[in-house]
Amino acid sequence: MKVSILTLEQILNQFKKSRQKSPQTYLAMYSSWLGGIVTDPELMLIPIDDHLVHRGDGVFEAMKYYERRLYLADEHLNRLLGSAEKISLPVPNTKEEIRTLIVETLKAAKTDNAVIRMFVSRGPGGFGPSPYDSCGSQLYIIVTNPKPFDPKKYETGVRVGISKIAMKDKFFATVKTCNYLPNVMMKKESVDNNWDFSVNISPEGFVGESATENIAMISQSNEFLIPSFKYTLRGTTLLRMMTLAKPHCHSVKERDLTIKDFLNAKEVLMCGTTMGIVAVTEFDGKKISNGKPGAFADQFAKLFKEDLLSYSQL
Ligand SMILES: Cc1ncc(COP(=O)(O)O)c(C=O)c1O
């Protein structure tokens, strides 16, 4: 096997060829490392010695851009800054600067609908675990076309299985770090089992969340119940739903919930940034109520859509 030492020109040609192997619509990327925005997907790169790459040392967010509306931007930016603070990661920009950088990256992306992902990384500097080897933390913002959640699932509901992957420790479960291997294994598990999602269970037997979504339920007495945030990420979609649901439910409560509580629920819902709200019609192999999406799921999806449209356009 002959392995070449490449020239810059060969590298640039190869970048394009390699990208064609995984065609995706990546529209624009801001990189503090490059000091600007690139729109060629082959140039959307992170240095291999950035601790984000070799140690998962960073935090991230994914935010919805819908018909030129930045949905829950404040909530996502606050969570990004909060996650960074929890792992003592300095953020290279202020919240307002990040907002401006997002808007500039969206302008370069020339799109009305997107998913915006932000990463704050420990930054480049050696391959050891010590964060002190970094030359300074970096910010990367990438704008991609949204990958729509299967529209049929909003009508049929989704199947949720019980994960065998151990729940993360309470500290790591509440920080949105780039160290998502347990979440990746949960997603793989759900695909391999032909479930739409799998939810993890705490050592005490309490339901947590899925790989990148929260779960909630409506009890027989119309209480909106959500698993304790002790074990889960404070999802921006779920928190918003808790506010929107208040006038329509008997009460809204966060508490420890078991598999049995979910099986006895009137309705079960999954929620997250990319798919919004979707009804769970099968949980742990058993039907929820009559196995069809219920009235609350329908009403909450409408409330969520109205809320999305209430945001002003850029
Ligand atoms: C572990 C985990 N739980 C829940 C969520 C849902 O949060 P949000 O509604 O902010 O997307 C996410 C989001 O990616 C997540 O990573």
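In which sense do strand β3 and strand β5 pair, and over how many bridges? The two strands, residues 58-66 and 114-121, run antiparallel and are joined by eight bridges; strands count as paired if DSSP finds at least two bridges between them. Helices (H or I, at least four residues) and strands (E, at least two) are DSSP runs numbered from the N terminus. The model is predicted: local features need pLDDT of at least 70, side-chain atom pairs count only at pLDDT 80 or more, and totals for chains, interfaces and linings use all residues. Residues are numbered from 1 along each chain as its sequence is written.

In β5, Met 118 stands opposite Glu 61 and also opposite Ile 141 in β6. Strand β6 (residues 138-144) pairs with β5 in the antiparallel sense over seven bridges.

Strand β9 (residues 214-218) has five of its five residues buried, that is, with 20 or more other C-beta atoms within 10 Å of their own, C-beta atoms being placed from the backbone. Asn 214, Ala 216 and Ile 218 lie on one side of β9, and Ile 215 and Met 217 on the other. In a regular strand, side chains alternate between the two faces of the sheet. Strand β12 (residues 267-272) runs antiparallel to β9 and is joined to it by five bridges, with Asn 214 opposite Cys 271. Strand β10 (residues 223-227) pairs with β9 in the antiparallel sense over two bridges, and Phe 224 is the bridge partner of Ile 218. In the hairpin of β9 and β10, with four residues between the strands, Asn 222 takes a positive phi near 60°.

Methods:
Buried ≥ 20, exposed ≤ 12 C-beta atoms within 10 Å, placed from the backbone.
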